Amino acid sequence: MLRVCQKNLRGSRSNILSPGRKRDFSPVPWSQYFESMEDVEVENETGKDTFRVYKSGSEGPVLLLLHGGGHSALSWAVFTAAIISRVQCRIVALDLRGHGETKVKNSEDLSAETMAKDVGNVVEAMYGDLPPPIMLIGHSMGGAIAVHTASSNLVPSLLGLCMIDVVEGTAMDALNSMQNFLRGRPKTFKSLENAVEWSVKSGQIRNLESARVSMVGQVKQCEGITSPEGSKSIVEGIIEEEEEDEEGSESVNKRKKEDDMETKKDHPYTWRIELAKTEKYWDGWFRGLSNLFLSCPIPKLLLLAGVDRLDKDLTIGQMQGKFQMQVLPQCGHAVHEDAPDKVAEAVATFLIRHRFAEPIGGFQCVFPGC
């Protein structure tokens, strides 16, 4: 989930340009970072659901990547290129239900239980009864779903677990201000370039390279742009349809419809998912997360943007050596996007230390064990 972070905006090396040089906010296709894309069909009681995955690599363990709320699998694009060059591994980046290009019968059910089952079902659909060794890596909401998946034993070949910048105490505290944060975001964008520019300048994604591929998965074209009679909102809840007053004033409604259409034409892109409407699931994602994480009987890694993120349970667990921790300063909440090389080095070091994967090109473990 997106989180309000009170930090100074510092650009990554991708954002630092020579004076007078204009930054390029044009979108970049997924194919520049992933080797292939696949839609995985999952059978359920109501029919078939289709989950979009992006893949790279052909040897080693599978790193199953779960994005944060509102994001998509494309948020892992630059990280994927970085980790593939360091260790032998396979990448599977998944669009969770309600996000990206995944299509499910009930996209509004974003409960931790349902999404964890989705992960297990996708693994089964892809690999059958004999899945390869898998490490779950999740950011924010995706980190919570990774923990729920692991604790429910939904991936039988699970060898490791990594959470990125999600801690129960901090997440629960942030929920009170989340609706205000979401209301403060733009509702629509004039173009994909405009969306990329906003994401970087607002600090949501501090790495321009990542934003250019990632934001494509966060926004979509508004519905009904070409429909002259389209009286529905751009996206439900963004511009609400105005009901007739008691006098049945048709002229007011007509003007409203015309204004809606003009807004759609001028700002044809909006968010793929309306996060404000997922509030009823937020508590279930994060409550009890620290103890669930600590109780998973596999090697665990926690990557944080700041040491202040730790809550009491994780502080005690870290002192007892129940998991490895790495703090990556000068990052925003989207750690794996802001500093993909550093996250790749931390994950690669973890994999090599536990002999889960072999290094590539003389890669040396650079982080001490925490």
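Predicted model: local features only at pLDDT ≥ 70, side-chain atom pairs only at ≥ 80, totals over all residues.
**The annotated site**

An unreviewed UniProt entry places the feature "active site" at Ser140, Asp165 and His333. These positions span 194 residues in sequence, yet no two of their C-alpha atoms are more than 8.3 Å apart, so they gather at one spot. Residues count as buried when their relative accessible area is under 20%. Asp165 has a value of 1% and is therefore buried; His333, with 8%, is buried as well. The side chain of His333 is joined to that of Ser140 by a polar contact of 2.9 Å.

| Helix | Residues | Number of residues | First to last C-alpha | Expected span |
|---|---|---|---|---|
| H2 | 112–127 | 16 residues | 23 Å | 22 Å |
| H12 | 340–353 | 14 residues | 20 Å | 20 Å |

The reach of H2 is close to the expected value, and so is that of H12.

In H12, 10 of the 14 residues are buried, so this helix is largely enclosed by the rest of the structure. The buried set comprises Pro340, Val343, Ala344, Ala346, Val347, Ala348, Thr349, Phe350, Leu351 and Ile352. H12 is followed by Arg355, which has a positive phi near 55°.

The buried residues of H2 are Ala112, Thr114, Met115, Ala116, Asp118, Val119, Gly120, Val122 and Val123. An α-helix has 3.6 residues a turn, so residues three or four places apart point the same way. Among the buried residues of H2 are Met115, Val119 and Val123. Just after H2, Gly128 takes a positive phi of about 70°.

**Thr114 in helix H2**

Thr114 is found in H2. The relative accessible area of Thr114 is 17%, so this residue counts as buried. Its side chain makes a polar contact of 2.9 Å with the side chain of Ser111. When neighbours within four places in sequence are left aside, Thr114 is in contact with Arg97 and Asp109.

Key. Residues numbered from 1 in each chain as written. Heavy atoms only, no water. Helix = DSSP H or I, 4+ residues; strand = E, 2+ residues; numbered from the N terminus. Expected span 1.5 Å × (residues − 1). Buried < 20%, exposed > 50% of the residue type's maximum accessible area, 1.4 Å probe, protein only. UniProt positions renumbered as here; feature names shortened; annotations may be inferred. Polar contact = N/O pair within 3.5 Å; in protein donor to acceptor, adjacent residues only side chain to side chain. Contact = heavy atoms within 4.5 Å.
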